[in-house]
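Hello,

Here is the structure I promised to pass on to you.

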Amino acid sequence: MIRAKKKFGQNFLIDQQIIKQIIDAINPDSTQSILEIGPGLAALTIPLLNRLNHIDVVEIDTDMVEFLKNNIPSSKITIYEEDILTFEDQRLSEFDFIIGNLPYYISTPILLKIAKSKKNNSGLFFMLQKEVAERVSAVPSTKMYGRLSSMLQYFYEIELLFDIPAGAFNPKPKITSSFVRFTRRNPEELNALNNDNYERVIKLAFQQKRKTLKNNFKGILDDNDFLNLSIDPSIRAETLSVHKFISIENYLTQRKLSF
Ligand code: SAM
């Protein structure tokens, strides 16, 4: 009997109806390549393999790796016994989809790592804490919209597909979860010039959430710059769309302003 380890964020899916709903949402076809993060006791892996010829997985826990080796033929699965946070970026770009019921203690760093990894065009399907799911999919001027939303929505179109009650897991977590789809945007559609500068703009804009843009960009953008950008300097970052942040990024990048 394998016991769940808290330090690895292990809550195993046990509700067959929910598992079916997740597999139907991913709806993979046998030609697609999939990387699963944290397969654990294969609650999603085995049903996925009913539709796929092969799956790649990354799993940190030796006990889980042992379980996978004993229960899935080696021709069907490639197991990387690794920490996803140090998984090579180049390898992430090899998959059509990256999916997983994420270990919640590191869900934000996982999302940011995958989003920022260059040349990675894979679509993502992740189970997240409902609160994080609401933040990543939030629209401007709502309570949940902030740094994480504007950072991830730069790379992805994000949809919260459905909620999953705590009772679908063993052990039962204290929180509700949600299943979320991330569709990679075409970089040309965004018209952004420099991804690193975009990240800097977001960091600056939200550095003091309650302050105005004028305050957070003090010494970088003056009233005249805001006029050129058609952005009111007295508003807060939480009201700006990704496209407005991109205009700020373009403006600073084109003028080679340091910030
Ligand atoms: N997919 C299984 C399911 O739905 O029942 C297990 C999900 S459980 C919430 C998270 C899984 O991620 C566990 O198997 C855990 O060992 C694994 N994990 C935790 N931290 C990890 C890391 N840094 N890198 C890779 N896997 C990790």
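First, some housekeeping. This is a predicted model, in which local features need pLDDT of at least 70 and side-chain atom pairs count only at pLDDT 80 or more, while totals for chains, interfaces and linings use all residues. Residues are numbered from 1 along each chain as its sequence is written, and side-chain values use heavy atoms, with hydrogens and water left out.

**The ligand and its surroundings**

The ligand has 23 residues around it, and those that come nearest are Leu13, Gly38, Glu59, Asp83 and Asn101 (a residue is near if one of its heavy atoms lies within 4 Å of the molecule). By type, that shell divides into twelve nonpolar, six polar and five charged residues. Here Ala, Val, Leu, Ile, Met, Phe, Trp, Tyr, Cys and Pro count as nonpolar, Asp, Glu, Lys and Arg as charged, and the others, Gly among them, as polar.

Which atoms meet the ligand? At aspartate 83, a polar side-chain atom lies 2.8 Å from a ligand nitrogen. Leucine 13 uses a polar backbone atom, 2.8 Å from an oxygen of the ligand. For isoleucine 60, a backbone N or O atom is 3.4 Å from a ligand nitrogen. Of the 590 Å² that the ligand exposes when taken alone, the protein buries 99% (areas by the Shrake-Rupley method with a 1.4 Å probe; for residues, only the protein chains shown count as cover).

The space that the ligand takes is the largest cavity. A cavity is a set of points, on a 1 Å grid over the protein atoms alone, where a 1.4 Å probe fits but cannot get out; a molecule sits in one if more than half of its atoms lie within 2 Å of its grid points.

Leucine 13 belongs to strand S1 (residues 12–13); helices (H or I, at least four residues) and strands (E, at least two) are DSSP runs, numbered from the N terminus. With a relative accessible area of 8%, leucine 13 is buried (buried means under 20%, exposed over 50%, partly exposed in between, with a 1.4 Å probe and protein chains only). Its C-alpha is 6.1 Å from that of alanine 43, although leucine 13 and alanine 43 are 30 residues apart in sequence.

Glycine 38 sits in the loop between S2 and helix H2 (45–49) and is partly exposed at 26%. Between the C-alpha atoms of glycine 38 and valine 65, 27 residues apart along the chain, the separation is 9.9 Å.

**Backbone details worth a look**

Most residues other than glycine have a negative phi, and most peptide bonds are trans. The bond from asparagine 170 to proline 171 is cis, with omega near -10 degrees, and proline 171 is in the loop between strand S8 (169–170) and strand S9 (177–184).

Asparagine 27 has a positive phi of about 45 degrees and is found in the loop between helix H1 (16–26) and strand S2 (34–37). Serine 141 also has a positive phi, of about 65 degrees; its loop runs between helix H6 (130–137) and helix H7 (147–155). Is serine 141 buried or exposed? It counts as exposed because its relative accessibility is 53%.

Terms used
A polar contact is a pair of N or O atoms within 3.5 Å; within protein, one must be able to donate a hydrogen and the other to accept it, and residues adjacent in sequence count only if both atoms are side-chain atoms. On a 1 Å grid over the protein atoms alone, a cavity is a set of points where a 1.4 Å probe fits but cannot get out, and a pocket is an open set with protein on both sides within 12 Å along at least five of seven lines; lining residues have an atom within 4 Å of a point.
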